[in-house]
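Visitor: Hi, I'm new to this one. Could you walk me through it?

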Amino acid sequence: MKIPIKTAVSAFALFLCLSFSGSVNAKKLSGMWKYKTSSDSKTIIYKIFTKDGRYMNICSLNGGNTYYVKQKGLYENLTPGLYIEHLGASHQNPNTCGSYMISYKKIKGKLQLSFQLGKNVYNEVWEKVKEVHLNLPLSCNDTF
C-alpha cells in the first residue's frame with residue numbers, strides 16, 4: 001500500500017505535536033471501562049486507559065472466565081471531546097494497525113465513544129469500573 005508523501009509528512013508532524021502534549025492530557029480518560037455487547041451476554045470487553053497514554057481492549061467470550069488482549073496501542077487527547085487511538089496490535093486483524101479519531105463524552109460514570117470505520121459510524125457506551133483482576137495469559141500481563 002502506497003501512502004502519498006503529503007499524507008505521510010502531515011501524519012508525522014501531527015505525531016510530533018502530539019508526542020509533546022498527549023501524555024499530559026491522557027489523564028482525562030485514564031481508568032477502566034466496561035462494555036457488554038447486547039447481542040451476546042457472555043461477551044465482555046474492558047477498555048483500559050493508563051495515565052501515560054497507553055490503552056488496551058481486553059475481551060472475554062465466556063462470561064469472564066478467561067480474557068485475551070483484543071487491541072492495544074497508544075492514545076492521545078487532541079481537544080476536549082476528541083482523542084486518537086494509535087492501534088499498535090489487533091488480535092482480530094493484524095492489518096488494521098493505524099490511527100483512529102474518536103469523539104467522546106464523559107457523563108456520570110459513562111464514556112460515550114463515536115468513531116467511523118470505512119463508511120460505518122459506531123457509537124459505544126462504556127461504564128466506569130474499579131479495576132478488577134482479569135485472568136490473562138502470562139504473556140499479556142507484562143505488556144501493560
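Visitor: What does the side chain of W33 reach?

Guide: The side chain of W33 reaches the backbone oxygen of L29, at 3.3 Å. That is a polar contact (a pair of N or O atoms within 3.5 Å; within protein, one must be able to donate a hydrogen and the other to accept it, and residues adjacent in sequence count only if both atoms are side-chain atoms). Bear in mind that this is a predicted model: local features need pLDDT of at least 70, side-chain atom pairs count only at pLDDT 80 or more, and totals for chains, interfaces and linings use all residues. Residues are numbered from 1 along each chain as its sequence is written, and side-chain values use heavy atoms, with hydrogens and water left out.

Visitor: Where is W33 found?

Guide: W33 is in strand β1, residues 31-36. Strands (E, at least two residues) and helices (H or I, at least four) are DSSP runs, numbered from the N terminus.

Visitor: And is W33 buried or exposed?

Guide: W33 is buried, with a relative accessible area of 2%. Buried means under 20% relative accessible area, exposed over 50%, and partly exposed in between (1.4 Å probe, protein chains only).

Visitor: Which residues does W33 touch?

Guide: Leaving out residues up to four places away in sequence, its contacts include K47, K110, W126 and E127. Contact here means heavy atoms within 4.5 Å.

Visitor: OK, new topic. How many salt bridges does the structure hold?

Guide: There are three. A salt bridge is a side-chain nitrogen of Lys or Arg within 4 Å of a carboxyl oxygen of Asp or Glu. One of them joins E85 and K47, with the closest N and O atoms 2.8 Å apart. That pair links distant parts of the chain: E85 is in strand β5 (residues 82-90) and K47 in strand β2 (residues 44-49), 38 residues apart.

Visitor: Is E85 buried or exposed?

Guide: E85 is buried at 6% relative accessible area, and K47 is buried too, at 3%.

Visitor: What does E127 form a salt bridge with?

Guide: With K110, and there the closest N and O atoms are 3.4 Å apart. This pair also links distant parts of the chain, with E127 in strand β8 (residues 120-129) and K110 in strand β7 (residues 110-117), 17 residues apart. E127 counts as partly exposed at 43% relative accessibility, as does K110 at 35%.

Visitor: And which side chain does D52 meet in a salt bridge?

Guide: The side chain of R54, at 3.2 Å from N to O. D52 is partly exposed at 46%, and R54 is partly exposed at 29%.

Visitor: Let's switch to rings. How many aromatic pairs are there?

Guide: The count is seven. Rings of Phe, Tyr and Trp (its six-membered ring) pair if their centres lie within 6.5 Å; planes under 30 degrees apart count as stacked, over 60 as edge-to-face and the rest as tilted. Y35 and W126 make a tilted pair, 5.1 Å centre to centre with 35° between the planes. Y35 lies in strand β1 and W126 in strand β8, so this pair ties together parts 91 residues apart in sequence.

Visitor: What sits over the ring of W126?

Guide: The charged end of K47, 5.5 Å from the ring centre. The rule for that is NZ of Lys or CZ of Arg within 6 Å of the ring centre and within 35 degrees of the ring normal.

Visitor: Which residues do ring pairs link into a cluster?

Guide: F49, Y75, Y83 and Y104.
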